[in-house]
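Dear colleague,

I am passing on a structure that I have been reading through, together with some notes on what was found in it. Please keep it open beside this message while you read.

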Number of protein chains: 2
Amino acid sequence: MTDTPATPRRRGAARTEELLRVTLDLATEVGYAGLSIEAVARRAGVGKHTIYRRWPSIAALLLDALSLVWTSDLDYHNAGDVRADLREQFLRSSLALSSPPIGPVYRGVIAEAQADSTLRATLHERFLVTVEQSTLDRITRAQRTGELTAEANLEFAAEVLCGTLYYRWLLSTRPIDENAVDGLLDMFMAAYGTSTSTQAQTLHAASRETLQVRCGNSTRPAN
Amino acid sequence: MTDTPATPRRRGAARTEELLRVTLDLATEVGYAGLSIEAVARRAGVGKHTIYRRWPSIAALLLDALSLVWTSDLDYHNAGDVRADLREQFLRSSLALSSPPIGPVYRGVIAEAQADSTLRATLHERFLVTVEQSTLDRITRAQRTGELTAEANLEFAAEVLCGTLYYRWLLSTRPIDENAVDGLLDMFMAAYGTSTSTQAQTLHAASRETLQVRCGNSTRPAN
DNA sequence: CCTCCATCGGCACGCATCGTGCCGATCGAC
DNA sequence: GTCGATCGGCACGATGCGTGCCGATGGAGG
């Protein structure tokens, strides 16, 4: 504040990014309950107009703030078999969902969206479709390589896979842990896996406890 | 219930039920956005104390109001095979979720729960566990009759089935129509169905278009 | 270097809801 | 008929919303 004479008080577009950062910080510290336009303005030392000029509502602000930190944990690696890739991806997503700032901000948007179907459409289009699509891409590739049966309707499958995770995250107190992901993938592979991948499944079931140790900390390659 | 001729201004326990009714009426007319303790008090011609004496927050009120209309659409019929029973039940649930008063009240509770993990636990325990359990009961019975494979982990399956419906209802603009339910059940039966039930599945796939006409017509009621 | 004007921070307003406190009326049990 | 618990009504301070107005600021154009 006082130690930065370089802060030239106000700019045009840079203010926007700064406000998004403040929103994320606020979400990290006080959670969704503390997220209001007034709070963000206070925290940023900014007039409310400066925010309202950019976003029409707190939901729109949260939506953009979410975009700022969204992409990082989204991409599949395509390193192993389908099951392994899905598993890693789901566990990584679950970590993101249950940590700030993504967790509280995302929850906030979803809560707001329950009273506003337009916002719900935007939310779905901007985030959830993306999630489903990347999952769909991965399992479609697996279908081509013969890991999944040709008859499977993968669009519904992608929705089921993602939906189950979001359901647990939003409406349950259970964590999205390895057990949950494995149970989900068991059903998915039992439904659409071919003999090749079924082999991997039984192998997985045997070494589930072992894997649990491996993935608990950082298995993430740098990105 | 009682033979009270006119409204004698105030009673003890009867007021409680009346307030829940008013809450449901309000939800039906103005939706979740219009649900506040002040609004309920105004509508009921009641002091706010009369409400606060019974419920600590709007979320608690909505939770009880939901209980009042909850049970009706919950029970499985056990009339046909698993798939048919699940199908009918899911379609019936989806209708309840997307119609007032259940729709807006339920959405309201869920929105509030995103900022309050205690409420989320209560919500889960009081409603979602019930839903999952009744589904689990039905598919467990099917497992005993040989309609589902013995190896299936049905607890996860029940969560996947229910979770997918809730995901679509909460976070999507797509309706929970016959197409969606069929896609979900396709995956479920492909995973855990035995040859007996697979037979029913192919039969279903043939008549999917016919069924689609029957239910997809009327415009959805606003949530 | 200076002028100009969009943007800025700050303040205030009216409105709404929250949760609480107090009052006098009224119901219902005794 | 008495009396205590509950009731409706009103008011309060606090908070957030969305908007209006002000004077200051600073970057672009001259």
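**The proline pair**

A:Pro101 is found in the loop between α5 (82-97) and α6 of chain A, where helices are DSSP runs of H or I with at least four residues, strands are runs of E with at least two, and both are numbered from the N terminus. A cis peptide bond, with omega about 0°, joins A:Pro100 and A:Pro101. In chain B, the peptide bond from B:Pro100 to B:Pro101 is likewise cis, with omega near 0°, and B:Pro101 lies in the loop between α5 (82-97) and α6 (102-113) of that chain. As background, most peptide bonds are trans.

**How to read the model**

This is a predicted model, in which local features need pLDDT of at least 70 and side-chain atom pairs count only at pLDDT 80 or more, while totals for chains, interfaces and linings use all residues. Residues are numbered from 1 along each chain as its sequence is written, and chains are lettered from A and ligands numbered from 1 in the order in which they are written.

**Chain A as a whole**

The secondary structure of chain A comes to 11 helices and 0 strands. Of its 223 residues, 38% count as buried, a residue being buried if 20 or more other C-beta atoms (placed from the backbone) lie within 10 Å of its own, exposed if 12 or fewer do, and partly exposed in between. Among the contacts in chain A with a separation of 6 or more, 61% are between residues 24 or more positions apart; two residues are in contact if their C-beta atoms, placed from the backbone, lie within 7 Å.

Two residues illustrate the burial classes. A:Phe90 lies in helix α5 of chain A and counts as buried because it has 22 C-beta neighbours inside 10 Å. Leaving aside residues up to four places away in sequence, A:Phe90 touches A:Leu165 and A:Val181. A:Ala13, by contrast, lies in helix α1 (residues 13-30) of chain A and is exposed, with 8 other C-beta atoms within 10 Å. The C-alpha atoms of A:Ala13 and A:Ser93 are separated by 30 Å, and these residues are 80 apart along the chain.

**The nonpolar core**

In soluble globular proteins, nonpolar side chains tend to be buried together. Here the largest nonpolar core has 114 residues, of which A:Val109, A:Ala157, B:Val109 and B:Ala157 touch the most other members; such a core is a set of buried Ala, Val, Leu, Ile, Met, Phe, Trp, Tyr and Cys residues joined through C-beta atoms within 7 Å. Not counting residues up to four places away in sequence, A:Val109 touches A:Ala59, A:Leu62, A:Leu63, A:Leu66 and A:Leu123.

**Where the chains meet**

The contact between the chains takes 34 residues from chain A and 34 residues from chain B. On the side of chain A that touches chain B, α6 (102-113), α7 (117-144), α8 (154-171) and α9 (178-192) each supply at least two residues, and the largest share, 11 residues, comes from α8(A). The residues on this side divide into 20 nonpolar, 9 polar and 5 charged, where Ala, Val, Leu, Ile, Met, Phe, Trp, Tyr, Cys and Pro count as nonpolar, Asp, Glu, Lys and Arg as charged, and the others, Gly among them, as polar.

**Helix packing in chain B**

The axes of α1 (residues 13-30) and α4 (residues 58-68) of chain B come within 9 Å and cross at roughly 90°, axes being lines fitted to C-alpha atoms, for helices over the stretch in contact, with angles from 0 to 180 degrees between N-to-C directions. That angle makes α1(B) roughly perpendicular to α4(B), since angles under 35 degrees count as roughly parallel, over 145 as roughly antiparallel, 65 to 115 as roughly perpendicular and the rest as oblique. This contact is made by B:Leu20, B:Thr23 and B:Leu24 of α1(B) and B:Leu61, B:Leu62, B:Asp64, B:Ala65 and B:Leu68 of α4(B).

For α8 (residues 154-171) and α9 (residues 178-192) of chain B, the axes come within 11 Å and cross at roughly 165°, and the two helices are therefore roughly antiparallel to each other. Their contact has B:Ala157, B:Leu161, B:Thr164 and B:Arg168 on α8(B), and B:Ala180, B:Leu184, B:Phe188 and B:Tyr192 on α9(B).

With kind regards
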